[in-house]
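Below is a briefing on one protein model. It covers the sheet, the salt bridges, the surface charge and the backbone.

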Amino acid sequence: MSLRAAGSEPVRARSSLRDIVKAGARQVADLLLPPLCPVCRRAVGAHDLLCPQCWAKLRFIEEPFCPVLGVPFAADLGDGILSAQAIADPPPFSRARSAVLFDETARNLVHQFKYYDQAAVARTLVALTLRPARDLAREGTLVVPVPLHRSRLWQRRFNQSAVLAKGIAEELGLRFVPRALIRSRRTRQQVGLSQKERQANLRGAFKVRDAQRGVVAGHRILLVDDVYTSGATVKAATKALLKAGAQEVDVVTFARAGVVPLG
């Protein structure tokens, strides 16, 4: 899958029947519904494009960054230097990476994806998240989404993390395991909670299905969510996977919130 700003040269796609079918379907969609930028609604060349103005506003997370949390540094501090947060509160996962900072443009993309179920936005987010996901994934890695509780899934109709995880797995040729983790109880909304309250809210909220323990045990896991905020959600999910015997867990998200480059 390729992602590009409107007017830029596309990356050559793999030649396969699946790609040909996808391309044909997108051409039909472009004819029936004129493609618009999902952020600002300007006309663009295809449904999975951002306009040049919105593309330029995305703040991609590039090296140098903390090798554990993926928090960007303002300057190169040398190999193996960890952020203060990673030292003070080591996470249960091995590495976390995100594609972009969670600014206004990224927030609009996530909002369109999460609440309006737009397939074009999903393709955009998958394509953007592929770069950090590819850096974390190895042969045999299992791709697992952060689950929603069944009541929230019924309200929203789909799990945005599962859509993102499935697209990443397909592009990287990895096994997608959508039902490995379950949210065993409904938790409060995390917005407005302190770090300690977030951790308490999610304590014991995730578990690996009994039928999936044999699948998870001994494998590296790529845990996928849409936004990394405080890290409480992915930390709780990671602990459940490790408890079930996962060898190692890495985390990838489309966006990372609350980040100020460190110096």
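How many bridges join strand 2 (residues 142-145) to strand 6? Four bridges join strand 2 to strand 6, and the two strands run parallel. The model is predicted, so local features need pLDDT of at least 70 and side-chain atom pairs count only at pLDDT 80 or more, while totals for chains, interfaces and linings use all residues. Residues are numbered from 1 along each chain as its sequence is written, and side-chain values use heavy atoms, with hydrogens and water left out.

- Five strands form an open sheet in the order 1-7-6-2-3, with parallel pairing. Strand 1 and strand 3 (175-176) stand at the edges with a single partner strand each, so one side of each has no neighbour in the sheet.
- Strands (E, at least two residues) and helices (H or I, at least four residues) are DSSP runs, numbered from the N terminus. Two strands pair if DSSP finds at least two bridges between them.
- Strand 1 (residues 95-101) pairs with strand 7 (residues 248-256) in the parallel sense over six bridges. In this pairing R95 stands opposite D250, and R97 stands opposite V252.
- Strand 6 and strand 7 pair in the parallel sense over eight bridges. V252 in strand 7 is the bridge partner of V224.
- Strand 2 and strand 3 pair in the parallel sense over two bridges. R175 in strand 3 is the bridge partner of L142.

**Burial of the strands**

- Buried means under 20% relative accessible area, exposed means over 50%, and partly exposed lies in between (1.4 Å probe, protein chains only).
- Strand 1 is mostly covered, with six of its seven residues buried.
- Strand 6 (residues 220-228) has eight of its nine residues buried, so it is largely enclosed by the rest of the structure.
- In strand 2, L142 and V144 point one way and V143 and P145 the other way; all are buried.

**Salt bridges**

- A search of the whole structure finds five salt bridges. The term requires a side-chain nitrogen of Lys or Arg within 4 Å of a carboxyl oxygen of Asp or Glu. Side chains of opposite charge can pair when their charged atoms come close.
- D89 and K235 meet through their side chains in a salt bridge (3.2 Å, N to O). D89 lies in the loop between helix 3 and strand 1 and K235 in helix 10 (residues 232-243), so the pair ties together parts that are 146 residues apart in sequence. D89 is partly exposed at 35% relative accessibility, whereas K235 is buried at 11%.
- R95 and D250 also meet through their side chains in a salt bridge (2.8 Å, N to O). This pair links distant parts of the chain, with R95 in strand 1 and D250 in strand 7, 155 residues apart. D250 is buried, with a relative accessible area of 5%.
- R220 forms a salt bridge with E248, and their closest N and O atoms are 3.3 Å apart. R220 in strand 6 and E248 in strand 7 are 28 residues apart, and the pair links distant parts of the chain. At 27% relative accessibility, R220 is partly exposed.

**Surface charge**

- E63, D76, D79 and D135 gather in a patch of negative charge on the surface. A patch is made of residues with over 30% relative accessible area and no salt bridge, with like charges joined within 9 Å and nonpolar side chains (Val, Leu, Ile, Met, Phe, Trp, Tyr) within 5 Å.
- E63 is exposed, with a relative accessible area of 66%. The residue lies in the loop between helix 2 (52-57) and helix 3 (84-88).

**Backbone features**

- A cis peptide bond joins E63 and P64, with omega about 10°. P64 is found in the loop between helix 2 and helix 3.
- R41 has a phi near 70°, a positive value in a residue other than glycine. R41 is placed in the loop between helix 1 (17-32) and helix 2, and counts as partly exposed at 44% relative accessibility.

Methods: Areas by Shrake-Rupley, 256 points an atom, 1.4 Å probe, with all protein chains shown as cover. Lys, Arg positive; Asp, Glu negative; His and termini not counted. Charge placed at Lys NZ, Arg CZ, Asp CG, Glu CD.
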